[in-house]
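Trainee: I am new to this structure. Could we go through some of its helices and strands?

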Amino acid sequence: MASPTLSMFEQAKELAKDFEYGKEDVQKATRHFIKQMNEGLQHDGATMGQIPSYVTSVPNGTEKGLYLAVDLGGTNLRICSVHLLGNTKFSIIQSKCAIPSDLMLAKTASDLFGFLAKEIEAFLKANHNDQLKSHMIKVGNSDANQNACNDDFLRLGFTFSFAFEQHSLNRGSLLYWTKGFNIPDAIGQDICGLLQTEIDKLHLPVIVAALVNDTVGTLLARSYEAPGTTTTLLGAIFGTGTNGAYVEKMKNLTKLEVPDHPPPEEMILNTEWGSFDNALDVLPNTSYDATVDKESIHPGIQMFEKRISGLYLGEILRQTILAIVPLSTTIVVPPKSPLYQQFSIDTSFLSIAAGDTSPALHVTRKELLRTLDIEANHQDARAIRELVLAIGRRAARLAGVAIAAVVIKSGRLAPSLQSSTPKVEDKSSVVSTQQLLSDDTKKAETPPKGVFTLFYQWVQKTFSGCFGRKPISTPVTSPVEIESDGIVDIGVDGSLIEHYPEFENLIRTTLRDIEEIGAGGEKRIRIGIAKDGSGVGAALVARMADLRTRKQ
């Protein structure tokens, strides 16, 4: 409650206490998270969907081929041409564009998916024009057998970052929209079918071969870049939205009957953990959270996501700023300031403010003026930064709850696994604070690499960013091997984990607070960035689907 006797900064410190989420809170939440995971394994309609992906194996880095990937991950559309080169390497060409706001609320699904198809056509013209022209000549020949041309079609993996029920690798029906989308016409329809229909209207040589959740793609991309490891357990997104996919034992997935004989031992499941604890039994719920939920497009659902994802953190901050602005006699907020508009604060502002070490918080004040037309002095900026830190800290601790629950449920930290867990080669950009550069780097690839090659790769990895240059190759192809018995490998992606200062360290603090993990277990959890998860991962699933189809 606001107090006229407190300064704006002091009031912000008091308000920030509402966002504390202590040790007992995270332990209770972790237990509840595991409970809801188990419920989702047993029956449909559970709070956490635990949706089968029908992906029953993980790549080992030897896969090859040329595939397309389309990523509809929120407000942006990304189209990629992914060339898997084997030996953990890949090359990628991509384009990116914003989704027009009117299409996020389109009257029909055809409006949105027609836009996607036209963007795919433009991408093909720019990057695969010879193949497109050759196909169009065949289409124009009335004597041509269209089916005979299918081998020349590009297989496409469609990363669709919304809730859907998957029926096979290339079939899935939309359950509901999130992230500001709301096109009722699409609910219940086959997502791949919607896109394929619009592609066929344009006579493009593309087959939508696989439907991929972005978290499944993150897990697969991490696995591709780290061949030889069998401990990649979880792919997690902490960005515009949040979700996780993990490897589950088929014997625990009692709600699904698999016709394969013999049945697979494991399957990657899409948790849909954004809907964890919609009943708010264990999640924190401030008045600011309640307002954000009430004003959202889908009130009452995605309660976990609304406390952790980039789409909502800025909105939570906006509500807290509105609460303390009247207490300042120096801050200037014009009547038409964007502060009074929903979603006017991007999560990038939180990352900037949290990492601001400039004198008198000059950077934060400059951003306030640029984005919100707010003039703030040093103390006002301190108050706002205090709120940013509290909101970010809580989000990271909730992220830690999700990671901890999956790790605990998997049993991979059990002492009995320490001697049997394979060694891990970390071949992606690791953000873990536990990683150290080993002096005993071993040769891990075939053919063996010479001393000069290893030294050159170490120099490139270590100093590539020091002189304003980036490595020439897109993929991470020059790893430093870490000998790691008993490591549990986690692949992550998203703007929060990549850009919010100390987000991973805050997650790790949470992991240490949970009894079943503790300080020892936390050190065995390796968190690594999975680059291009939605692109490379989708390409890998498209390859899996294509191989299955050809075998039938």
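Trainee: Which elements cover the buried residues of α15?
Mentor: The model is a predicted one. In helix α15, residues 503–513, the buried residues are F503, E504, I507, R508, T510, L511 and D513. What covers them includes α2 (23–42), β9 (232–238), α12 (378–410), α14 (495–499), α16 (518–523) and β13 (525–529).

Trainee: How are α10 and α11 oriented, roughly parallel or roughly antiparallel?
Mentor: Helix α10 covers residues 347–354 and helix α11 residues 362–372; their axes come within 8 Å and cross at roughly 160°. Angles over 145 degrees count as roughly antiparallel. Therefore α10 is, relative to α11, roughly antiparallel.

Trainee: How many nonpolar residues does the contact of α10 with α11 have?
Mentor: From α10, the contact is made by F349, I352 and A353. From α11, V363, T364, E367 and L368 take part. By class, one residue is polar and one is charged, and the number of nonpolar residues is five.

Trainee: Which strands are the edge strands of the open sheet?
Mentor: Five strands form this sheet, with mixed pairing, in the order β4-β3-β2-β5-β8. An edge strand pairs on one side only, and those strands are β4 (89–98) and β8 (206–212).

Trainee: What angle does the direction of α4 make with that of β3?
Mentor: Helix α4, residues 109–127, packs on the sheet and touches β2 (64–72), β3, β4, β5 (154–160) and β8. With the direction of β3, that of α4 makes an angle of about 45°.

Notes: Residues are numbered from 1 along each chain as its sequence is written. This is a predicted model: local features need pLDDT of at least 70, side-chain atom pairs count only at pLDDT 80 or more; totals for chains, interfaces and linings use all residues. Side-chain values use heavy atoms; hydrogens and water are left out. Axes are lines fitted to C-alpha atoms, for helices over the stretch in contact, and angles run from 0 to 180 degrees between N-to-C directions. Helices (H or I, at least four residues) and strands (E, at least two) are DSSP runs, numbered from the N terminus. Angles under 35 degrees count as roughly parallel, over 145 as roughly antiparallel, 65 to 115 as roughly perpendicular and the rest as oblique. Contact means heavy atoms within 4.5 Å. Ala, Val, Leu, Ile, Met, Phe, Trp, Tyr, Cys and Pro count as nonpolar, Asp, Glu, Lys and Arg as charged, and the others, Gly among them, as polar. Buried means under 20% relative accessible area, exposed over 50%, partly exposed in between (1.4 Å probe, protein chains only). Two strands pair if DSSP finds at least two bridges between them.
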